[in-house]
Amino acid sequence: SLLSSSSSLNEESQESGGEIEAERVPYEHGTVTLQAVSAQQEIVVRKRRVRIVLPNSKYKLLWDAINLFLMIYCFFAIPYSLAFMPSTCVASWIEISDLLIDFVFLADCFVSSLTAYTDEETGAFVTEPRAIRQRYFHTWLWLDLSTSFPIDHLICITYGPSL
């Protein structure tokens with residue numbers, strides 16, 4: 001058959017003593033790996049298990065709306081807490097909520113590394129996971145990580161409430 005599992009491919013390869021040859025081939029939703037066993041020349045198509053998020057999907061739009069709400073909250077809450085609330089490093093509901101918000105922003109880094117982008121030349125979505133990660137690594141990753149990392153909680157853990 002044209003499609004079979006990779007375990008049967010490995011068994012057939014071991015039985016025949018042949019090597020597995022693999023070739024990565026693009027398709028419309030990413031890449032597949034075509035593998036041929038030397039003895040039988042059977043082609044096995046194995047799809048990637050990485051789910052790519054389309055930027056216009058309803059789940060991505062909901063995720064972006066939640067992030068926008070949290071950013072607006074931070075826009076007001078951070079200056080207010082810096083001006084009027086003492087830093088005690090005590091686990092209050094505000095400290096816990098701030099930590100949860102930081103984790104949501106860190107999760108957004110992961111979601112962004114799986115979100116397709118529009119190719120400027122063709123206007124089509126780029127859904128290749130490696131290309132998406134490389135683009136995100138070279139554009140927004142460092143800013144996203146630096147702004148979402150819970151440095152204030154790390155300082156409290158390291159130095160305690162004396163700071």
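Is Phe 149 buried, partly exposed or exposed, and what is its relative accessible area? Phe 149 is partly exposed, at a relative accessible area of 45%, where buried means under 20%, exposed over 50% and partly exposed in between, with a 1.4 Å probe and protein chains only.

## Model and conventions

This is a predicted model, in which local features need pLDDT of at least 70 and side-chain atom pairs count only at pLDDT 80 or more, while totals for chains, interfaces and linings use all residues. Residues are numbered from 1 along each chain as its sequence is written, and side-chain values use heavy atoms, with hydrogens and water left out.

## Overall architecture

The chain contains six helices and five strands, both taken as DSSP runs numbered from the N terminus (helices: H or I, at least four residues; strands: E, at least two). Along the sequence these elements follow the pattern α-β-β-β-α-α-β-β-α-α-α. Of the 163 residues of the chain, 27% count as buried.

The C-alpha atom of Val 126 is separated by 5.5 Å from that of Ala 116, 10 residues apart along the chain.

The structure holds one salt bridge, a term for a side-chain nitrogen of Lys or Arg within 4 Å of a carboxyl oxygen of Asp or Glu. Its partners are Lys 60 and Asp 64, whose closest N and O atoms are 3.0 Å apart. Because the two residues are four positions apart in helix H2 (residues 58-84), Lys 60 and Asp 64 are separated by about one helical turn. Lys 60 is buried, with a relative accessible area of 9%, whereas Asp 64 is partly exposed at 32%. In general, side chains of opposite charge can pair when their charged atoms come close.

There are three aromatic pairs in the structure. Tyr 80 and Phe 84 form one that is tilted, with 5.2 Å centre to centre and 45° between the planes. For such pairs, rings of Phe, Tyr and Trp (its six-membered ring) have centres within 6.5 Å, and planes under 30 degrees apart count as stacked, over 60 as edge-to-face and the rest as tilted. Both Tyr 80 and Phe 84 lie in helix H2, four residues apart, about one turn of the helix. Tyr 80 is partly exposed at 48% relative accessibility, and Phe 84 is exposed at 61%.

Phe 137 and Trp 142 form an edge-to-face pair, 5.2 Å centre to centre with 75° between the planes. Phe 137 counts as partly exposed, at 38% relative accessibility.

## The largest pocket

The largest pocket has a volume of about 1400 Å³. A pocket is defined on a 1 Å grid over the protein atoms alone, as an open set of points where a 1.4 Å probe fits, with protein on both sides within 12 Å along at least five of seven lines; lining residues have an atom within 4 Å of a point. Grid points are joined across faces, edges and corners, and the volume is the space filled by probe spheres set on the points.

The lining of the largest pocket comprises 50 residues, of which Ile 78, Asp 102, Phe 105, Thr 147 and Ser 148 lie nearest the centre. At least two lining residues each come from H2, helix H3 (93-112), helix H4 (129-138), helix H5 (141-148) and H6. H2 supplies the largest share, 12 residues.

Phe 149, Ile 151, Leu 154, Ile 155 and Tyr 159 make a nonpolar surface patch of about 490 Å². Patch residues have over 30% relative accessible area and no salt bridge; like charges are joined within 9 Å and nonpolar side chains (Val, Leu, Ile, Met, Phe, Trp, Tyr) within 5 Å. Accessible areas come from the Shrake-Rupley method with a 1.4 Å probe, and for residues only the protein chains shown count as cover.

Phe 149 lies in the loop between H5 and H6, and its C-alpha atom is 8.0 Å from that of Phe 103, 46 residues apart in sequence. Tyr 159 belongs to helix H6 (residues 151-159) and is exposed, with a relative accessible area of 53%. Ile 157 is also placed in helix H6 and counts as exposed at 69% relative accessibility. The C-alpha atoms of Ile 157 and Cys 89, 68 residues apart along the chain, are separated by 8.2 Å.
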